[in-house]
Structure formats: C-alpha cells, structure tokens
Amino acid sequence: MQQRYIDVEELIVAQATPPGASALAIVRLAGPGCVDAVAAGFQRPERLREARGRSLVRGTFIDPRDGKPVDDLVAAVFRAPESPTGQDQVDFMTHGSPAVVAALVDALVALGCRRALPGEFSFRAFVAGKADLVESEAIDELSRARTAEARAAALRRLGGGVSAEIWRMRSELLEILAACEVLLDYPEDEVEGGLDGRLPAMRAALDALSALSAAHAGARLRLEGARVAVAGRTNAGKSSLFNRFLREERSIVSGEHGTTRDWIEASVDLEGIPLVLQDTAGLRSTTDAIEAEGVRRSRLLLDAADLVLYVVDGTAGLADDDRDFLEARPDALRVWNKTDSAECGPVPAGFHPVSALDGIGFQDLALAIVAKLPGGAGSADGLAGERQAALVEAARASLSDAIASIEAGEPLDLVSLDLKAASDSLGELTGETASPDVLDTIFSRFCVGK
Ligand SMILES: Nc1nc2c(ncn2[C@@H]2O[C@H](COP(=O)(O)OP(=O)(O)OP(=O)(O)O)[C@@H](O)[C@H]2O)c(=O)[nH]1
Ligand SMILES: [Mg+2]
C-alpha cells in the first residue's frame with residue numbers, strides 16, 4: 001500500500017544517522033509542539049521547554065515507562081519556522097550504540113511520536129517551502145553520491161542554482177502566456193506583431209532547457225555510475241588489468257590459461273565516475289565443465305554491461321576468436337595488452353596500447369573509457385534524475401513547438417496551449433504543480449530519517 005505524507009501535524013521521529021554502532025548517533029524529531037511534547041522525558045523538563053530556537057541543551061533522557069535513564073545526551077532545539085523542516089524540531093545527539101538509539105526512539109514513541117516514513121522530514125521541508133523538489137532530490141542524491149565529483153554536484157544542486165534558473169524561466173513563460181491570453185481575449189486590440197517581441201526571450205529559455213537536457217546523461221552517469229566488464233581470451237591479462245585499475249591484487253593472475261572462473265567485481269572511481277569493474281573468465285571453448293560454466297556466466301555479464309573492454313594479448317596477436325567477438329560487439333573498447341614485452345606485435349588500428357604489468361597507457365585508457373560511456377563527455381552539473389530529465393525534455397519540446405507556431409503565424413490558441421504545457425512541466429519539476437502521488441513516489445525513495 002502506498003503511504004501518504006499528507007499529515008504534517010503529527011510528531012515524527014527517526015534515527016537520522018546510519019544504523020550500526022558509531023561514536024554518536026542523531027535521533028531526529030519534528031512536528032508542531034514537539035519540544036513541549038517530549039520535554040517530560042528530560043530529567044529537567046523545563047530546560048528543554050524553555051530552550052530558545054537554535055540552542056543546545058544537555059541533559060539525561062528518562063524513559064517515561066519505567067523511569068530509567070536512556071542516555072546522557074545533547075538536544076539541538078529548533079523552533080518553527082527556523083529549522084530544517086520548517087517545524088519545531090529536536091535533533092538528539094546520543095551515544096551511538098544501536099541499543100541507546102532504539103531505547104530513545106521507543107521512549108519518544110511512548111511520549112506520543114510516531115516513526116517517520118522514508119523521506120518524511122524532507123517532505124515537510126518541501127511543504128514548508130524550505131526546499132523545492134529539485135533541491136529535495138539533491139538531498140537524496142547527496143546521500144547516494146559515491147564519488148567526490150557527484151557529491152560536489154549534488155551540493156551545488158542543493159545550493160539552488162538550477163532551481164533558481166527553472167523558477168525564473170517558469171515565471172517568464174507564465175508572463176508570456178498571460179500576454180498571449182490577453183491577445184486571445186481582446187483580438188480587436190491586436191498588438192503589432194503579436195508575440196514576436198517575446199521570441200528572443202523564448203529562444204533564450206529554449207537554449208537553457210536544451211543545455212539542461214543535454215547535461216542529464218553526464219549527471220546521471222556520475223551519480224549512478226556504470227558497469228564495465230573486462231573480456232578477452234584466456235591469458236590476455238584481464239585480471240592483471242582489473243587489478244591495476246583497483247590498485248590491489250584482487251583477482252588471481254597466473255600464466256595458466258583459464259585462471260579466472262567465477263567473475264569478480266569491484267567499485268572504482270574513474271575520473272569522478274563510480275564504476276563497477278568486472279573481471280570475467282577468459283573466453284574459449286573448453287571441456288572443463290566448471291570453466292565452461294564460468295564462460296557462460298561471463299557472456300551473460302558482458303551482455304548486461306554498459307561497456308566491454310576487450311583485451312587482446314599483444315604477444316599472442318589477434319586470433320579468429322578475437323575477430324569474431326569484435327565483429328559481434330563493435331561497441332567494445334579494444335585494448336592491446338603486454339606492450340612492455342619484446343614479443344608484443346604492432347598495435348592494430350583502433351586498439352589502445354597498454355601494459356598491465358607496468359601501467360603504461362592506463363591514463364589514456366581511463367579517458368577512453370570515460371569518453372565511451374553515455375554522458376561521459378558531459379559534466380556532473382545537469383539534473384541526474386529520470387523524472388527530472390523527462391520534465392526538462394517535455395518543457396523543451398513544448399516551448400520549441402510554441403516558438404515554431406509563432407514563427408509560422410499559427411493561431412494563438414495553439415501557442416497558448418504549448419506555453420501552458422511548458423510551464424506546467426517546469427512547475428512539476430520544482431514541485432509547484434506536482435500531484436500528491438508524484439510527491440509520495442519521490443519522497444518514499446529517500447531513506448528513513450531523511
Ligand atoms: N609482460 C606482460 N605480461 C602480462 C601483462 N599482463 C598480464 N601478463 C601476464 O599474462 C599472464 C596472464 O595474466 P592474467 O591477468 O591472469 O590473464 P587473464 O586474462 O585474467 O587470464 P584468464 O583468467 O586465464 O582468462 C600472467 O602471467 C601475467 O603476469 C603485461 O602487461 N605484460
Ligand atoms: Mg583472469
């Protein structure tokens with residue numbers, strides 16, 4: 001059943017820090033009057049009750065059910081509207097043992113709070129106008145970012161730069177829409193040139209939306225990452241290459257053919273892109289049942305990967321099997337390995353020369369991998385979410401239609417429809433005109449405590 005976030009009057013509580021033991025944990029509480037509601041749990045209730053907004057109060061929290069102390073803690077008290085959620089809010093900093101956190105949350109529930117749904121604090125901040133949807137989604141992205149670059153980009157989105165641009169565009173489109181409707185309502189006062197004077201502003205907005213749309217793939221790649229599988233015949237040096245990218249001896253390397261059987265994967269940060277790199281079993285036909293199963297699984301993995309690195313042993317040269325593979329997978333990135341060896345043959349056209357043994361060519365290979373991934377050439381500064389990208393694209397298409405209609409001298413009611421559609425899409429993006437269902441879906445993706 002889908003959970004609704006509508007009731008923002010209830011007092012909600014959740015652990016805001018990750019589960020598990022740590023030095024400190026934060027238990028977050030929000031809702032109108034929540035400070036008074038839980039003051040009874042404080043050994044000296046008046047200290048919490050009388051605390052000013054944005055102040056810290058230290059004290060012992062007592063479980064109201066048995067009168068036993070839960071923890072000696074610090075409460076950061078916020079008063080509406082000056083709090084992250086816009087509501088009265090208390091962030092309890094406790095000792096970070098799971099038992100303490102569980103006991104404190106239970107005590108707060110006994111005092112009249114309920115456990116928060118995922119993303120419910122963020123939802124309240126959205127309702128209070130503390131953050132629009134683009135910023136709220138950036139909070140979620142910030143917690144999911146796996147590389148420094150993705151984190152920095154989410155922080156910039158959280159700073160509201162993109163939001164401000166979208167709000168500005170929307171209000172401009174609404175203004176043009178209003179002008180359009182005046183022309184429709186009072187055709188007798190026909191203004192010279194109709195909406196022609198608005199075309200430069202509309203084209204500027206179109207350019208901005210096109211740029212935002214084009215930047216999506218780059219942002220998505222830097223947030224979500226990609227799967228890159230290393231393939232090739234046995235002994236090509238796949239595991240050696242895999243280990244070099246990881247900077248650790250993770251996969252077993254040996255001169256024996258068919259060393260890797262179970263595929264192995266690991267996360268690496270490549271030029272700010274979180275990659276899952278997969279080492280696979282060398283491709284050959286074999287009578288060994290276990291190795292054959294490894295080859296079968298490797299092939300499945302290659303089909304699912306975003307990019308395949310196909311490694312050829314330069315000392316062995318290109319074999320028919322290599323040619324067959326590359327013919328079937330022309331999108332694979334070709335790697336010519338073992339260039340350090342005196343026996344290594346000349347590098348065929350289209351191959352990236354490397355030596356997994358001494359690392360030569362790896363910087364260029366890394367850049368080639370990035371360039372080959374969808375969005376790799378872009379930056380992290382677009383909107384990363386699929387919903388967001390679809391809305392930007394919808395707004396762009398509607399605005400483009402509106403411009404084309406004006407240029408072709410089409411009736412203004414057509415233009416008005418397209419302008420309305422464009423501004424509605426932008427409104428959904430910031431959340432201004434998003435439906436409750438959409439909001440539920442977005443916020444329920446967040447973690448509890450966010
Ligand atoms: N000279 C040289 N030898 C290499 C290089 N890369 C790998 N080798 C050697 O080639 C042999 C095979 O390396 P692996 O990394 O195990 O090859 P693989 O492709 O994973 O092989 P399988 O798991 O059997 O499919 C080992 O003896 C490595 O030391 C290289 O760049 N230069
Ligand atoms: Mg191997």
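**Stop 1: the magnesium site**

Select Ser239 and Thr260: both are buried. This is a predicted model. Now show the magnesium ion (ligand 2). Ser239 (OG) and Thr260 (OG1) coordinate the ion, at 2.0 to 2.1 Å. Colour the chain by element to see where each residue sits. Ser239 belongs to helix α10 (residues 238-246), and Thr260 to the loop between α10 and β8 (264-270), so the pair ties together parts that are 21 residues apart in sequence.

**Stop 2**

Most residues other than glycine have a negative phi. Is Arg247 buried or exposed? Arg247 is exposed, with a relative accessible area of 77%.

Next, select Lys338. You will find Lys338 in the loop between β11 (333-337) and β12 (352-353). Lys338 is not a glycine either, yet has a positive phi of about 75°. Lys338 counts as partly exposed, at 22% relative accessibility.

Then go to Ala80 and Pro81. A cis peptide bond joins them, with omega about 0°. Most peptide bonds are trans. Pro81 is in the loop between β4 (69-78) and β5 (89-95).

**Stop 3: a leucine on the outside**

Select Leu357, in the loop between β12 and α13 (362-372). Leu357 is exposed, with a relative accessible area of 67%. What does Leu357 contact, leaving aside its neighbours within four places in sequence? The contacts are Arg244 and Asp340. Gly237 and Leu357 are 120 residues apart along the chain, but their C-alpha atoms are separated by 8.9 Å.

**Stop 4: the domains**

Zoom out and colour three ranges. Domain 1 is 12-132, domain 2 is 139-215 + 383-431, and domain 3 is 226-372.

**Stop 5**

In soluble globular proteins, nonpolar side chains tend to be buried together. Select Leu399 and Leu419. These two have the most contacts inside the largest nonpolar core, which has 31 residues. Which elements give two or more residues to this core? They are α7 (161-185), α8 (199-214), α14 (386-407) and α15 (412-430). The largest share, nine residues, comes from α7.

Keep Leu419 selected and show its surroundings. Beyond its neighbours within four places in sequence, Leu419 is in contact with Leu173, Ile176, Leu177, Cys180, Met202, Leu399 and Ala402. A second, separate core has 29 residues, including Val230, Ala236, Leu270 and Ala368.

**Stop 6: the cysteines**

Go back to Cys180. Cys180 is buried, with a relative accessible area of 0%. Now select Cys113, which also counts as buried, at 5% relative accessibility. Where is the closest cysteine sulfur to that of Cys113? It is in Cys34, 7.2 Å away, too far for a bond. A disulfide needs the two sulfur atoms within 2.5 Å. By this rule the model has zero disulfides.

**Stop 7: salt bridges**

Side chains of opposite charge can pair when their charged atoms come close. The whole structure has 31 salt bridges. Visit three of them.

Start with Glu10 and Arg114. The closest N and O atoms of this salt bridge are 2.4 Å apart. Glu10 is in the segment before β1 (12-15) and Arg114 in strand β6 (residues 114-115), 104 residues apart. Glu10 is partly exposed, at 33% relative accessibility. Arg114 is partly exposed too, at 26%.

Now select Glu137 and Arg445, whose side chains form a salt bridge at 3.4 Å, N to O. Glu137 is in helix α5 (residues 133-144) and Arg445 in the segment after α16 (436-444), so this pair ties together parts that are 308 residues apart in sequence. Glu137 is buried, with a relative accessible area of 3%, while Arg445 is partly exposed, at 49%.

Move on to Arg329 and Asp303. Their closest N and O atoms are 3.6 Å apart in a salt bridge. Arg329 lies in the loop between α12 (320-328) and β11, and Asp303 in helix α11 (residues 289-304), so the pair ties together parts that are 26 residues apart in sequence. Is Arg329 buried or exposed? Arg329 is buried, with a relative accessible area of 16%. Asp303 counts as exposed, at 60%.

Definitions and conventions: Residues are numbered from 1 along each chain as its sequence is written. Chains are lettered from A and ligands numbered from 1 in the order in which they are written. This is a predicted model: local features need pLDDT of at least 70, side-chain atom pairs count only at pLDDT 80 or more; totals for chains, interfaces and linings use all residues. Side-chain values use heavy atoms; hydrogens and water are left out. Donors are N, O and S atoms within 2.8 Å of the metal (3.2 Å for Na, K and Ca); water is not among the atoms, so sites may look incomplete. Helices (H or I, at least four residues) and strands (E, at least two) are DSSP runs, numbered from the N terminus. Buried means under 20% relative accessible area, exposed over 50%, partly exposed in between (1.4 Å probe, protein chains only). Domain bounds come from an automatic or database domain assignment. A nonpolar core is a set of buried Ala, Val, Leu, Ile, Met, Phe, Trp, Tyr and Cys residues joined through side-chain atoms within 4.5 Å. Contact means heavy atoms within 4.5 Å. A salt bridge is a side-chain nitrogen of Lys or Arg within 4 Å of a carboxyl oxygen of Asp or Glu.
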